[in-house]
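Subject: Structure handover

Hello,

Here is the structure I promised to pass on. Please open it first, then read the notes below it.

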Amino acid sequence: MKPLRIVIVGGGISGLATAFAVQEASVAKGLVCHCTVLESASYWGGKIVTHRAGDLVTEAGPDSFLSQKQAGLDLCAKLGLTEQLINTNETGKKACVLWGGRLYDLPDGLISFAPRQWKPLLRSGLLSWRGLARLGLEVVIPRGVSGRDESLASFCRRRFGCQAFERVLEPLMAGIYAGDAEQMSLLATFPRFYELEQRHGSVIRGMVAAKRTASQTRGTGSGHTMFVSLKNGLGDLVAALTARLREQGVNLRLRCKVEALRVRSHQPGRWMYDLILDDGSALSAEGLVLATPAYVSAELVRPLSPIAGGLLDMIPYASTATIALAYPAEQVAGAIEGFGFVVPRREGRDLIAATWTSLKWPHRAPSDQVLVRCYVGGVGREKVLDADDHELVAKVRGELATICGIQAEPRYAEVNRWWKAMPQYTIGHLDRLAQLGAALSRYPGLVLVGAAYRGVGIPDCIRDGTVAAEKVLAELAGDRRRTEVR
Ligand SMILES: Cc1cc2nc3c(=O)[nH]c(=O)nc-3n(C[C@H](O)[C@H](O)[C@H](O)COP(=O)(O)OP(=O)(O)OC[C@H]3O[C@@H](n4cnc5c(N)ncnc54)[C@H](O)[C@@H]3O)c2cc1C
């Protein structure tokens, strides 16, 4: 049997996870595959970049992933990384929100809306009595129209009131996407809120019911905190993944930019995809996975389907930067506690959030240093990225000084810019994905994966890669069988 040729474009976590799943599934199905991953950069992992500076471990991009979404933990287990997984430091665990220039404690696990989490919110003074009363009314607010997408902002205001939205939910939710809640799609970003509203008539009642069922059915839990990371940084996930793929015979090629895509048909309904690389060479495959950002995939698929290209153009991206600062511990003692703070849009600051990295993840810095990570940029707040690195460091130092009183000189500073890095799921995103699927349906063996579509988190990207691998193999194996029968 001739091997199936599958090319994956993009060596971020989505592309690498797809390659891993292709290998796994082809063995299970008894198929022979020649799999190649092409990456334009000089390193693997895309947004996952771990730096080491002396004893410091800094994450330029993601610093952890959600443990509730199983795909991340499963991949770590398959790669033998389970022992390397670390939980957040639960001692002194808390997050804060900035409001009116002052930091307020956010109740632990606030988004779960368990009634016992409400007391700290009542005490904190973050919401006025009016705001709290309006939040409590959520349990009797009528449900919205079934199946209709709306902005996250409109949903949260409608259900929880303006104060709870602006002061608590907006900075937590919009921060994940570096997005603007006024434009973000409820159905694509927080579908669980929609489902709870539809099923229980109230998000709070739904959460309480879900928690009750979970505590009746589950034992002590998985042993993981909500977010987990790897002891020496998430770069180890990329290193283990690429090492495994090499062992399995996957052809991994760095500095290989795909410039264009052409398609040939030999038999009705059967395609060969020709990729033109930046060195002028070409590569052909029966299966093609585009694990590139939507704006790159748009240019590649446009000659095949202008409609698909146009739909991909409609996925906007936000630019952000992370700034890591390391201080001598004694100079910031007392100024910081918990995990850090988030900043609501209404505060009009450059900072979206600051994480006390070494309090949250003790392995990231030696005990005599404190590592801090500041997050700036995002939709409508990108102007700050015009500043050069020195100015950016000065800006965030100024904000930390005003907000927490940190005046000390950092011993180490690192700026990581992420241009067009965070895809935005705007209202109608899921409908556009359905149209995209339809527009590309005449090209079996061609699949789009990655953060632009069905979840931006690392576990979402891994799961997306697994589904893509199954789809490509099913479509190609189906084709092959039909051809052999003919
Ligand atoms: C600052 C920041 C913080 C984040 N924090 C978290 C977090 O804490 N937890 C979490 O779960 N998620 C987080 N995310 C989101 C998560 O990191 C990303 O959504 C995910 O890593 C994206 O993976 P991907 O493979 O889909 O895309 P990418 O990582 O963007 O990979 C796409 C790859 O395609 C390559 N490419 C592009 N064009 C071409 C071409 N023409 N030819 C060949 N290759 C090409 C690129 O070089 C890149 O390597 C964060 C993201 C950012 C930016």
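Domain bounds here come from an automatic or database domain assignment. This is a predicted model, in which local features need pLDDT of at least 70, side-chain atom pairs count only at pLDDT 80 or more, and totals for chains, interfaces and linings use all residues. Residues are numbered from 1 along each chain as its sequence is written.

Domains

The assignment gives domain 1 (4–46 + 236–315 + 425–485), domain 2 (109–217) and domain 3 (318–423). The centres of domain 1 and domain 2, taken over C-alpha atoms, are 36 Å apart. In domain 1, 7 residues are in contact with 10 residues of domain 2. Contact means C-beta atoms, placed from the backbone, within 7 Å. The domain 1 side of that meeting has 4 nonpolar, 3 polar and no charged residues. Nonpolar covers Ala, Val, Leu, Ile, Met, Phe, Trp, Tyr, Cys and Pro; charged covers Asp, Glu, Lys and Arg; the others, Gly among them, are polar.

Ligand

Around the ligand are 36 residues, and Gly10, Gly12, Gly46, Pro62 and Gly450 come nearest. A residue is near a molecule if its C-beta atom, placed from the backbone, lies within 6 Å of it. The shell holds 18 nonpolar, 14 polar and 4 charged residues. Domain 1 and domain 3 each give it at least three residues. At least two residues come from each of α1 (13–29), β15 (317–328), β19 (412–423) and α17 (458–485). Helices (H or I, at least four residues) and strands (E, at least two) are DSSP runs, numbered from the N terminus.

Helix α4

In α4 (residues 129–136), Gly131, Arg134 and Leu135 are buried. Buried means 20 or more other C-beta atoms within 10 Å of a residue's own, exposed means 12 or fewer, and partly exposed is in between, with C-beta atoms placed from the backbone. Seen down the axis of α4, the buried residues fall within an arc of 100°, so they line one face. The arc is that of the directions from the helix axis to the C-beta atoms. Exposed Trp129, Arg130 and Ala133 sit on the face turned away. The cover over the buried residues of α4 includes α5 (152–160) and α6 (162–177).

Ala178 lies in the loop between α6 and α7 (186–189). Arg255 is in the loop between β10 (251–253) and β11 (258–267). Ala178 is buried, with 26 other C-beta atoms within 10 Å. Arg255 is partly exposed, with 13.

Best wishes

Key: Two residues are in contact if their C-beta atoms, placed from the backbone, lie within 7 Å.
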